[in-house]
Amino acid sequence: SRVFRGSSVATLRDFKGDVLMRKLFTLSLLGLFALAAGSALAAGTGLGNPGFETVPAGGPGDWNTFAGGPGAVSQHSTDMPHSGTGHMDLQTGGANAFAGVFQFGAVTFPAGATVTFTGWHKSLIDPFNGTREVKIEWAGAPELRVDEIGMIPTEYTQFSLSGVAPAGVTAATITYAISTFNPNQDFNNVYIDDFEVTCTPEPASLALVGLAALGLIGIRRRSK
């Protein structure tokens, strides 16, 4: 009877250990799925009205338009979208003008995540004669900004800008603009469409969860 009781205790201990391993294994897998889902969520809902299918309403969750200077225009159009039925039409009619769109608080993400802003643009003027500004501006931290002087192709072409979110930042403002503040810059007409913001979790976080899952798999195999 003593042997029987000892065997029963050992069996119960093994059973409890196996149940614990199963729970830890499941939690680890859920962590991986949560990180993957977080990335997909940011990609799918990072921007409101990403394809400019409706006239920008302004405020959080939609595009805000701005324009100033000679002949400057930032307006919704249906003339020549990259896809769907709508796009934005940006124009400058002389020197010292600007036009663009921005969306604030557009994405939320953890520190260390890689945020990528992509979209499509084309110039109706050949060659493009202004400054193209694509910007990710971190909330409460230094901005990541790119200013380019030169060509925007006359056919829709994709642009891309990426940056790593600093610590303590949970949101960003996304901006696309054209301007003519440099010498000999004047009239421009640019179409933009199909903007997207994606968020990739910090590699270290993915690696730690993955290693934990592999470790639990190994422990579970050894316990059998």
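**Figure 1. The whole chain, element by element.** Helices (H or I, at least four residues) and strands (E, at least two) are DSSP runs, numbered from the N terminus. Read from the N terminus on, the elements of the protein run α-β-β-β-β-β-β-β-β-β-β-α, which gives two helices and 10 strands. This is a predicted model, where local features need pLDDT of at least 70 and side-chain atom pairs count only at pLDDT 80 or more, while totals for chains, interfaces and linings use all residues. Residues are numbered from 1 along each chain as its sequence is written, and side-chain values use heavy atoms, with hydrogens and water left out.

**Figure 2. Surface and contacts.** Of the 224 residues, 38% count as buried; buried means under 20% relative accessible area, exposed over 50%, and partly exposed in between (1.4 Å probe, protein chains only). Take the contacts (heavy atoms within 4.5 Å) between residues at least 6 apart in sequence: 77% of them join residues at least 24 apart.

**Figure 3. Strand E10 and its partners.** Two strands pair if DSSP finds at least two bridges between them. Strand E10 (residues 187-200) pairs with strand E3 (residues 87-93) in the antiparallel sense over six bridges; here glycine 93 has phenylalanine 187 of E10 as its bridge partner. Strand E5 (residues 114-123) also pairs with E10 in the antiparallel sense, over nine bridges. Look for lysine 122, whose bridge partner in E10 is tyrosine 191.

**Figure 4. The largest nonpolar core.** A nonpolar core is a set of buried Ala, Val, Leu, Ile, Met, Phe, Trp, Tyr and Cys residues joined through side-chain atoms within 4.5 Å. The largest one has 30 residues, of which Phe109, Trp138, Tyr176, Ile192 and Phe195 touch the most other members. Elements giving two or more residues to this core include strand E4 (98-108), strand E6 (131-138) and strand E8 (157-164). E10 provides the largest share, five residues.

**Figure 5. Aromatic rings.** Rings of Phe, Tyr and Trp (its six-membered ring) pair if their centres lie within 6.5 Å; planes under 30 degrees apart count as stacked, over 60 as edge-to-face and the rest as tilted. The structure holds 12 aromatic pairs. In one of them, phenylalanine 102 and phenylalanine 104 have ring centres 6.2 Å apart and planes at 35°, so this pair is tilted. Phenylalanine 102 is partly exposed at 24% relative accessibility, and phenylalanine 104 is partly exposed at 33%. Elsewhere, ring pairs link Phe52, Trp63, Phe117, Phe159, Tyr176 and Phe195 into a cluster.
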